[in-house]
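Please open the model in your viewer and keep the selection panel at hand. The stops below go from one group of side chains to the next.

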Amino acid sequence: ADRHTPVLHQRDKFGRDVQTIEYHPAYREIEKAAFGEFGIHALSIRKGIMGWPDKYPVVAKHAFTFLFNQTEFGMGCPINVTDGCAKLLNNFGSEALKAKYLDGLTQTDMSRLTQGGQFMTEKEGGSDVGTLTTRAVQEGDHWRLYGEKWFCSNADAKVVMLLARPEGAGPGTKGVGLFLMPRFLDDGSPNHYRIVRLKDKLGTRSMASGEIKFDGAIAYAVGKLDRGFVQMAEMVNSSRLSNGVKSTALMRRAWHDAITVARGRVVFGQRIIDLPLARRQLMKIMLPTEQALSMSFLTADALDRAGQQQVVLGIGEGRCFTGRAGYDNAMDATFQLQVQQALPTVGIEGAVGPERGRQRGDEAGKGQGRAALGWKGKTPATKGRGRPECYLRRESTGKYAGHRWIPASGGHSD
């Protein structure tokens with residue numbers, strides 16, 4: 001599937017303007033495994049998948065994500081954005097929209113499945129979402145969309161969640177609304193948008209990412225129009241954790257391949273694994289892999305417990321946001337995930353992003369503002385070197401539930 005990348009067709013065989021994306025048969029087989037056999041996209045939303053009577057915990061869902069992405073990384077994005085679409089619709093959508101679209105997003109029957117998409121990035125702004133220019137014009141009970149999206153993964157998704165600025169709304173993220181856009185209209189005709197081209201990517205080549213142009217596409221408002229970005233952040237935060245888990249899966253696959261060769265290959269009468277320098281190098285691969293795995297599932301467990309208890313506490317007992325975790329896991333060339341790099345953007349009390357995280361960090365860390373859960377300067381634990389001590393603070397009592405400090409070398413102790 002990676003060797004034979006998707007192909008965009010502008011017309012069907014009868015010459016009609018019906019766009020389709022052609023995938024290699026191997027990609028379709030991967031889809032059947034991910035969506036049909038295991039139903040990873042719906043594990044935490046739909047009951048009864050693989051015989052489990054209830055919904056799966058976040059930790060269990062990401063355990064499947066971790067295993068699946070060791071074999072195929074390209075399918076990870078369609079799984080994740082379909083899951084995210086269903087969550088947004090379930091949490092913020094009207095009863096009418098839920099009745100129409102939610103079942104298809106959580107189906108494991110491939111003939112009834114409608115995969116989801118998340119279209120946010122524009123030429124004007126990727127992470128700077130407040131600069132987007134896509135417009136939404138109300139027309140009766142629906143809206144018309146005009147503009148472009150620059151990087152849209154799972155480009156031919158049947159149901160898409162996206163951000164657009166309602167006509168007359170103010171600037172910045174406060175003026176952005178959340179909308180659901182179907183690929184096809186009720187009469188079966190294509191919605192009024194086009195896939196301009198597919199991206200020629202370095203990675204996830206088996207999955208289609210494209211540029212989308214809206215020409216009056218019909219969409220439906222989801223939730224409150226002035227809360228669009230905040231609502232979409234639910235999906236984004238889930239995606240960041242998923243990206244971190246998927247990157248950890250790649251790290252684990254690299255470790256698996258390396259250790260398999262090291263245990264099986266004999267050089268100068270010895271297995272590679274028995275040579276001291278080789279063992280040292282393998283440890284350099286294994287250690288950050290274990291760090292990434294630990295951090296990913298610590299976060300997933302925190303989300304599970306936050307959902308059960310509905311409390312607002314620190315990373316150990318509440319909601320935490322994982323933008324930096326996903327970024328670091330994916331971007332570090334050798335996947336050297338370091339917890340001290342991830343902590344500054346872990347939010348408290350529903351915070352999103354580094355600014356709010358630093359603000360809370362100032363309060364927890366007595367004005368230093370270097371880590372979301374607190375930063376201490378010259379202390380006995382850091383031997384006067386001013387390294388971070390990241391406390392897990394209980395807001396209800398004002399006492400520390402525990403702490404972790406990370407020396408500059410990258411190790412850590414609890």
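Is Tyr-56 buried or exposed? Select Tyr-56 and colour by accessibility: at 11% relative accessibility this residue counts as buried, where buried means under 20% relative accessible area, exposed over 50% and partly exposed in between, with a 1.4 Å probe and protein chains only.

Before going on, note that this is a predicted model, in which local features need pLDDT of at least 70 and side-chain atom pairs count only at pLDDT 80 or more, while totals for chains, interfaces and linings use all residues. Residues are numbered from 1 along each chain as its sequence is written, and side-chain values use heavy atoms, with hydrogens and water left out.

**The whole protein.** Zoom out and show the cartoon, which has nine helices and 13 strands; helices (H or I, at least four residues) and strands (E, at least two) are DSSP runs, numbered from the N terminus. Of the 414 residues, 47% are buried.

**The aromatic cluster.** Next select Phe-38, Trp-52, Tyr-56 and Phe-64, which ring pairs link into a cluster. Rings of Phe, Tyr and Trp (its six-membered ring) pair if their centres lie within 6.5 Å, and planes under 30 degrees apart count as stacked, over 60 as edge-to-face and the rest as tilted. By this rule the protein has seven aromatic pairs. In one of them, the rings of Phe-38 and Phe-64 have centres 6.4 Å apart and planes at 45°, so the pair is tilted. Phe-38 lies in the loop between α1 (25–37) and α2 (58–68), whereas Phe-64 belongs to helix α2, 26 residues apart. Phe-38 is partly exposed at 28% relative accessible area, and Phe-64 is partly exposed at 24%. Phe-64 also pairs with Tyr-56, edge-to-face, at 6.2 Å centre to centre and 90° between the planes.

**Charges over rings.** Now select Lys-199 with Trp-150: the charged end of the lysine sits over the ring, 3.6 Å from its centre. The criterion is NZ of Lys or CZ of Arg within 6 Å of the ring centre and within 35 degrees of the ring normal. Then select Arg-183, which lies over the face of Phe-184 at 5.7 Å from the ring centre.

**The nonpolar core.** Finally, select Leu-145, Met-161, Leu-162 and Met-181, which touch the most other members of the 63-residue largest nonpolar core, a set of buried Ala, Val, Leu, Ile, Met, Phe, Trp, Tyr and Cys residues joined through side-chain atoms within 4.5 Å. Helix α3 (residues 76–92) gives the most to this core, with seven residues.
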